[in-house]
Amino acid sequence: MTDLILSPLDGIHRTLGAKFAEFGGWEMPIEYVGVLAEHSAVRERVGLFDVSHLGTFLVEGEQAAAYLNTQLSNDLNRITPGQAQYTLLLDPSGGVVDDMIVYLISDDRVMVVPNAANSAEVIRRLRVNSPENLIWTDRHTADAIIAVQGPLSAKVLSDLAIPTEMGYMSFVRIDAEINGTTMPMSICRTGYTGEHGYELVVAAGDAPAVWTALMNAGSQYGIQPAGLGARDTLRTEMGYPLHGQDLSLEISPVEARVNWAVGWKKEHFVGDEAVRAQRSDGVARTLLGIRATGRGIPRHGMIVIDESGTAIGEVTSGTFSPTLRTGIGLALLPSSTQVGDHIKVEVRNRQEEFEVVKPPFVPSHVTN
């Protein structure tokens, strides 16, 4: 068995009594005091996540952004330096190799944050047709990413003199003073929880000091370390897709209803012919939200059936919503399915009824 990669914050997590699991080749904290408590802390106060498993790499050189724009689905011309963009790398077939956030530092310097398991493959595919002048620097283990999420997140950062006034999907790069030591970092108004929040990209060696400073500053605000378990329930309540479940090489952006992450007016990007055809001709299935009308809790891979008992789709993501206190999920359903329809899911040899809804399941506060 391949050894799992440890976060630079691994020692802190163990001191806090975290429970761990494998995630994209990394051993990461899943929970500390329980998913429900951690979830609620983020919705009501502020939570602190270690998401250092996320990939990080830099693309530098003349026209770096222009080249990436020929490869990735979204249109980088929609943003300016200091802004970030959610985008996809597609396969020529139209499937999703990965979804990621791109941070436009300048026309000649771009930071890309893909998912942990796909980071190396994303770099490999992007470099295939890359101009020789571009420099690719993989910082997956050299950098750490700490997410501060929740309605009180700005107060925590402000107490450390870290800037918080940037707009949603914007970022700044600063030299922060943490306990008298200068630490370069990127502060990004991004996150995966649906709450007002920030993600801090710091050097791996600085991560323990930054985490400790954030915990100390946040103590008066009820800050709570939160694991990837709560991160999953939070993102599911928002209807945010998870690659490998709601997006994959077998699930296109058209099927997953993330057309807004595609620059349809661009001349070319990898996979454009396939997804343009899907958009024009239509697709047989589409990703929709489902909410339990009873006690059923959907889980990934569960079968969706119609009134006659015929399988018509499957659950891609599902969980118990701590906010709504009921089962919610995302499911691939026939494109004829309408919001308000009722379907059934086979939950542990029972047929549980669900209503088809349009995510998010709870209000988003990312722009608050």
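The lining of the largest pocket draws at least two residues from each of β6, β7, β13 (197–203), α7 and β15 (285–292), where helices (H or I, at least four residues) and strands (E, at least two) are DSSP runs numbered from the N terminus. The model is a predicted one, in which local features need pLDDT of at least 70 and side-chain atom pairs count only at pLDDT 80 or more, while totals for chains, interfaces and linings use all residues. Residues are numbered from 1 along each chain as its sequence is written, and side-chain values use heavy atoms, with hydrogens and water left out.

**Pockets and cavity**

- On a 1 Å grid over the protein atoms alone, a pocket is an open set of points with protein on both sides within 12 Å along at least five of seven lines, a cavity is a set where a 1.4 Å probe fits but cannot get out, and lining residues have an atom within 4 Å of a point.
- Grid points are joined across faces, edges and corners, and a volume is the space filled by probe spheres set on the points; on that basis the largest pocket holds about 1,100 Å³ of space.
- The largest pocket has 50 lining residues, and those nearest its centre are Y86, D99, Y192, Y240 and P241, while β7 gives the largest share of the lining, with four residues.
- By class, this lining comprises 31 nonpolar, 14 polar and five charged residues, where Ala, Val, Leu, Ile, Met, Phe, Trp, Tyr, Cys and Pro count as nonpolar, Asp, Glu, Lys and Arg as charged, and the others, Gly among them, as polar.
- The second largest pocket, with a volume of about 220 Å³, is lined by 13 residues, and R139, D143, R173, S186 and V201 lie nearest its centre.
- The residues lining the largest cavity are F49, A147, Q149, G191, Y192, T193, E199 and R231, of which three are nonpolar, three polar and two charged.

**Nonpolar cores**

- A nonpolar core is a set of buried Ala, Val, Leu, Ile, Met, Phe, Trp, Tyr and Cys residues joined through side-chain atoms within 4.5 Å; buried means under 20% relative accessible area, exposed over 50%, and partly exposed in between (1.4 Å probe, protein chains only).
- In the largest core, which has 44 residues, F49, V51, L88, Y103 and L247 have the most contacts inside it.
- At least two residues of this core come from each of β3 (26–31), β6 (83–90), β7 (96–106), β8 (109–113), β10 (143–149), α7 (228–238) and β18 (326–334).
- A second, separate core has 29 residues, including I178, M183, A213 and L214.
- Contact means heavy atoms within 4.5 Å, and, leaving aside neighbours within four places in sequence, L88 is in contact with L72, S73, V96, D98, D99, M100, L247, P253, V258 and A261.

**Helix α3**

- Helix α3 (residues 64–71) is largely enclosed by the rest of the structure, because six of its eight residues are buried, namely A64, A65, Y67, L68, N69 and Q71.
- The cover over these buried residues includes β5 (57–60), β6, β7, β8, α4 and β9 (135–138).

**The loop residue N118**

- N118, in the loop between β8 and α4 (119–128), counts as buried because its relative accessibility is 17%.
- Not counting residues up to four places away in sequence, N118 touches V97, D98 and H243.
- The side chains of N118 and H243 make a polar contact (3.2 Å), a term for a pair of N or O atoms within 3.5 Å in which, within protein, one must be able to donate a hydrogen and the other to accept it, and residues adjacent in sequence count only if both atoms are side-chain atoms.

**Backbone details**

- Most residues other than glycine have a negative phi, and most peptide bonds are trans.
- The peptide bond from P359 to P360 is cis, with omega near 5 degrees, and P360 lies in the segment after β20 (350–357).
- M169, which is not a glycine, has a positive phi near 65 degrees; M169 lies in the loop between α5 (153–159) and β11 and is buried, with a relative accessible area of 16%.
- R325, in the loop between β17 (311–321) and β18, has a positive phi of about 60 degrees although R325 is not a glycine, and at 56% relative accessibility R325 counts as exposed.
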